[in-house]
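Dear colleague,

I am passing on the structure below for you to look over, and my notes on it follow.

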Amino acid sequence: MPRIPQKNRKPPKTARYAAIETLCRMERSRSPVKPLLEGIGVECRVPAADRGLAMTIVYGVLRHRQYLESLMDRLCRHPRHKFDPFILHSLEVGLFQLLRLDRIPQSAAVNETVQAVKAAGLPQRLQGFVNGILRESIRQRPTLPGIDTDPQSGRPWLNHPAWLTNRWRQRFGEDEMRRICASNNEEPTLVLKINGTATTREQYRMSLTSAGIACRDGLFAPQALALPDCQGAIPLLPGYAAGHFLVQDEATQLAPLLLGPFRPGGRYLDACAGLGGKTCHLIELEHDLALRITAIEPDPYRYRKLGENLQRLYPGTGCTTRQCTLQDLVAAGDGPFDGILVDAPCSGTGVTGRHPDIRWNRTEADLLRYQATQLELLDQAAAMTAAGGILVYATCSLEPEENEEVIRLFLLRHDQFRLTDPEPLLPSAAGRFIADRCFAPRPDATIDGFFAARMVRR
Ligand SMILES: C[S@@+](CC[C@H](N)C(=O)[O-])C[C@H]1O[C@@H](n2cnc3c(N)ncnc32)[C@H](O)[C@@H]1O
């Protein structure tokens, strides 16, 4: 619950309050920040423009956390771990604005942050403390370390937890680990998948150009457009309401291709449909091949968003959606399917650039917990795969426990399946991401980290 200090007092409708409260709730619940911020935005009736600023601040803090902590250690006499969480996150929010968001005047950054502390009902002494530290950072700014370099190592800040950087260092080496962290700490490029039933990539590119929005064709996926400078709200892009595009990284756009070659009239299942990114790809094929598509998703929030996306992009489609688990579908006796995509729940360590909350919300112990769920989902999907059918397993993780190891364990207990080379099904530019017959790009400025394996049932 948000802090509501005095009776009948409503929390303020400000971006800073929403940002600080989001960081507090994330720390308590280890939940993704996007729905948390949406919820706080509604609770506190924060205007839409301020929600955008709150998100910029929250993501910025999460991408620069170790740098901001080092500043706190320098500027405060008290140990950081003893701070009230609201004060700790107020300082992160204040310092991030002062040192990174040039468009916000210093006085506004300080005053608005202190106002949020006041509105949270914290005593005047703590309001004065936050005010003092932020003003001190302004005074000391010329001598403070820059945001880009850790003075101890003389290299860029990693801004990732040690358990993650240690395992990446061991697997990929120091330089590659640092490259991944640096890439994750940059603002990611917005990538769209163009809806081929509503427009073409060329037509949509022209609409963007006419609206003065720079874009370039994707490098790997045939329907991808990248908008490198776009920071604005997605619904304000041309053709949003008419369903001309879906936001989707290039790696995820390629995953459904692995279900090919598609059998005309065949039955296909998106077994973990989420918001429907990959279901959309199958629906586009449906127009030519009369596929029969089922998409399932148990989570109520995601299931609602799946429905909204399908309605916006493909109104009147014949796709069957069900709010249920894969286990429910198996128990109901549905199947067999000619192709099943298991885009499994995972740690998400390949997309912690796009979703910086992930790096702080996960622990190493989570990896084996995810592995158990992933194997269980694959076991269920195996039972529903038709003879000669395709089973595609995908995650947005970089960790072998959730990727290669899951495939190895699955194939050990299902000898009727074999792993096949994805290369013939992918555009040639994506061939460089194939290793050991799996599609596994590591994150950089052009693509998110991802893993996909294609198996065929004999
Ligand atoms: C990685 S996300 C899928 C993303 C989605 N394919 C997309 O492109 O937007 C994994 C999804 O699996 C769902 N899930 C979790 N347990 C499940 C189960 N037992 N059966 C089916 N789906 C499940 C989660 O709710 C989550 O939405």
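In these notes Ala, Val, Leu, Ile, Met, Phe, Trp, Tyr, Cys and Pro count as nonpolar, Asp, Glu, Lys and Arg as charged, and the others, Gly among them, as polar. This is a predicted model, in which local features need pLDDT of at least 70 and side-chain atom pairs count only at pLDDT 80 or more, while totals for chains, interfaces and linings use all residues. Residues are numbered from 1 along each chain as its sequence is written.

On that scheme, the shell around the ligand divides into 9 nonpolar, 6 polar and 5 charged residues. The ligand is surrounded by 20 residues (C-beta atom, placed from the backbone, within 6 Å of it), and the closest are Cys-272, Gly-274, Gly-277, Thr-325 and Asp-343. At least two residues of this shell come from each of α12 (277–289) and α14 (326–331), helices being DSSP runs of H or I with at least four residues and strands runs of E with at least two, numbered from the N terminus.

An automatic or database assignment divides the chain into domain 1 (15–143), domain 2 (190–247) and domain 3 (250–457). The C-alpha centres of domain 1 and domain 3 lie 37 Å apart, and their contact (C-beta atoms, placed from the backbone, within 7 Å) takes 9 residues from domain 1 and 6 residues from domain 3. On the domain 1 side, α2 (33–43) and α3 (48–63) are the elements that give two or more residues, with α3 giving the most, 3 residues; by class, that side has 6 nonpolar, no polar and 3 charged residues.

Overall, the chain has 17 helices and 13 strands, and its C-alpha atoms fill a box of roughly 70 × 45 × 45 Å along the principal axes.

Best wishes

Technical notes
Two residues are in contact if their C-beta atoms, placed from the backbone, lie within 7 Å.
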